[in-house]
Every structure is written in C-alpha cells, then in structure tokens.
Amino acid sequence: MNWDAIRIEYETTDITLKALAEKHNVKLGTLKSRKSRDGWSRDATQKDATKKKVATPKKKVAPKKEPVIESDELNEKQRLFCLYYVKSFNATQSAIKAGYSAGTAHVQGPRLLGNVRIAEEIRRIKKDMTQGLFIDAMDVLNKYIKIAFSDINDYLSFGRKQIEIDRDKDGNAITAEVNYVQFNESANVDGSIISEVKQGKDGVSIKLEDKMKALEKLSLYFDLFPDKFKREIEQEKLKIAQEKVIKEGTNQEKDVAAALRGLVNGINSKAD
C-alpha cells in the first residue's frame, strides 16, 4: 500500500475519506487512523506532503501556587496542620494528615487552633487566599455572600388578586380572590444561585442554593470581615433558624423564637 501517494491525494484534492478508502480498497477506519497518526492536513499553506506539519506551540499555564508557611516558630507538624486546615477547615482531619495520632486528633485539632502562633499563621494564609496568592478565594467568598443574602423576591412575585371566574345573567363579571405566583424573566435574575427549577403537577417551582450552608462557610472567614458584616451574617443565620422553628416547631417553641427575635432586634438597634 503506497501511503505516501494516498496522503498526497488527500492533501491536494477535495476527495472525502470515504471515497479515498473505496478508491484504494482500504477500510475507512484504517484510513482515519493513518490520517490521525501521521498528521495529514489540508492546510492551504502546506500542499507539499513532504513538509513536516508545524505544531502550534501550547500556551504555557502558570503553575498553581501553593500556600507558604512564613513562621519560623512552628514545628513541621504545626506547619502541615496550617496547610491542611486552610484547605478543609476541619481541625480533626487536618491534625491526622499532619501526623498527629488519629485517636487524639479530635482533641489535638482544636488545641492547635488555640495556639496563638498557629492562629496567626492561619489568618495570614487566609488573607493571602483573598489576595489571590495561590487561589482566587474572593470569587468563592463573593458567591457565598450572594447565596447567603439572596432574596426569593428577586426571582418571583406572589400574593392575592381578583380574577374573573364567570358572568351573571346580566353580563356582569363574577370575581374571586386567588393566590398567584409570577416568575421574573430569566434574563433579569442571577441564575448562578438557583439550584433547581422544575415543573410538577402543581406548577413550576424554584429552589435557591442553601443559605445556611453559605453562611456557615462565610463564618470560617470571620476574621477577614468588618464587625458590621459579621453581625449581618449572624442575624441572617438566626433569622433562618427562627423561620424553621416557626414553621416546624411546637407552639411553645414558636413563642420562644418570636421573643428571641424581638430581643436580638433590640440589641442590634442599640449597636447600630
């Protein structure tokens, strides 16, 4: 089989691979494999089959920067603990990975977090994270902030309205008050924090990302936020917890939740 001749014919004509295979009595799969392996090309600037195909240089990707421990006052295990903790925020697992005993890691982890030098180093690394020294954490934080303070009213409107249900014998409209839900246009809302939209027998429903989970994540970065923002996060967490109690709790629990909300609002008003 004269593969050089077949290649020249392919590169210098408009013949299809299927027609080329039939012409030279070659299986189409074999021809495709040969074309791919030898780099056959119909580039207009490369008609001579004897010329080598010039590979396009690949764009260099900057290596991912890893966090660096700057403190000289930490031992090797403490350094490793800091590195693992800023990636997982799990003190127990970070202690185990750093080399501490698995049997005592649940105690050792919190103890390490209480070490002033370790705490300072973790804070420094987290600040580096927000500045993009080894990951662009601000994008993540901003996403959590959007989820944590999302408002369903930005996505739909709902309430009660009068609709015509019939006409009387004189032609006058007979109306009734009904509930309604109206979704905003998708082009006008932030779809990145919608976790689910589905069509069911009762109509269309929309579900936003988990606000409490986002608030918990933001709590891990408390030392990076101003006091006012910290207070807003705590208020939002309390609001969600109270709404859950009011929805699912007993009458006594609902009364306690309502009283607690009033107390917290009063304290926050004084703080402002």
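## Two helices at the first stop

In this predicted model, select residues 91-98, which form helix α5, together with residues 105-113, which form helix α6; the two pack at an angle of about 100°, with their axes 7 Å apart. Because an angle of 65 to 115 degrees counts as roughly perpendicular, α5 is described as roughly perpendicular to α6. To see the contact itself, show the side chains of A91, T92, A95 and I96 on α5, and on α6 those of A105, H106, G109, P110, L112 and L113. Sorted by class, the residues where α5 meets α6 comprise seven nonpolar and three polar ones, with no charged residue.

Next, select residues 3-12 (helix α1) and residues 28-38 (helix α3), whose axes lie 12 Å apart and whose packing angle is about 85°. This angle makes α1 roughly perpendicular to α3.

The backbone of N25 deserves a look, as its phi is near 55°, a positive value in a residue other than glycine. Is N25 buried or exposed? With a relative accessibility of 70%, N25 counts as exposed, because the cut-off for that class is over 50%.

## The largest pocket

Now move to the largest pocket, which holds about 330 Å³ of space. Select S150, I152, L208, E209 and K211, which lie nearest the pocket's centre among the 14 residues that line it. To place the lining in the fold, highlight β4 (203-208), α9 (211-219) and α10 (227-248), each of which supplies at least two of the lining residues. What classes of residue make up the lining of the largest pocket? The lining has six nonpolar residues, one polar residue and seven charged residues.

## The whole chain

Finally, clear the selections and switch to a cartoon of the protein chain, whose secondary structure comes to 11 helices and four strands. Of the 272 residues in the chain, 25% are buried. Among the chain's contacts with a separation of 6 or more, 48% are between residues 24 or more positions apart.

Definitions and conventions
Residues numbered from 1 in each chain as written. Predicted model: local features only at pLDDT ≥ 70, side-chain atom pairs only at ≥ 80, totals over all residues. Heavy atoms only, no water. Axes fitted to C-alpha atoms, helices over the stretch in contact; angles between N-to-C directions. Parallel < 35°, antiparallel > 145°, perpendicular 65-115°, else oblique. 1 Å grid on protein atoms, 1.4 Å probe; cavity = no way out; pocket = protein on both sides within 12 Å on 5 of 7 lines; lining within 4 Å. Points joined across faces, edges and corners; volume = space filled by probe spheres on them. Nonpolar A, V, L, I, M, F, W, Y, C, P; charged D, E, K, R; others polar. Buried < 20%, exposed > 50% of the residue type's maximum accessible area, 1.4 Å probe, protein only. Contact = heavy atoms within 4.5 Å.
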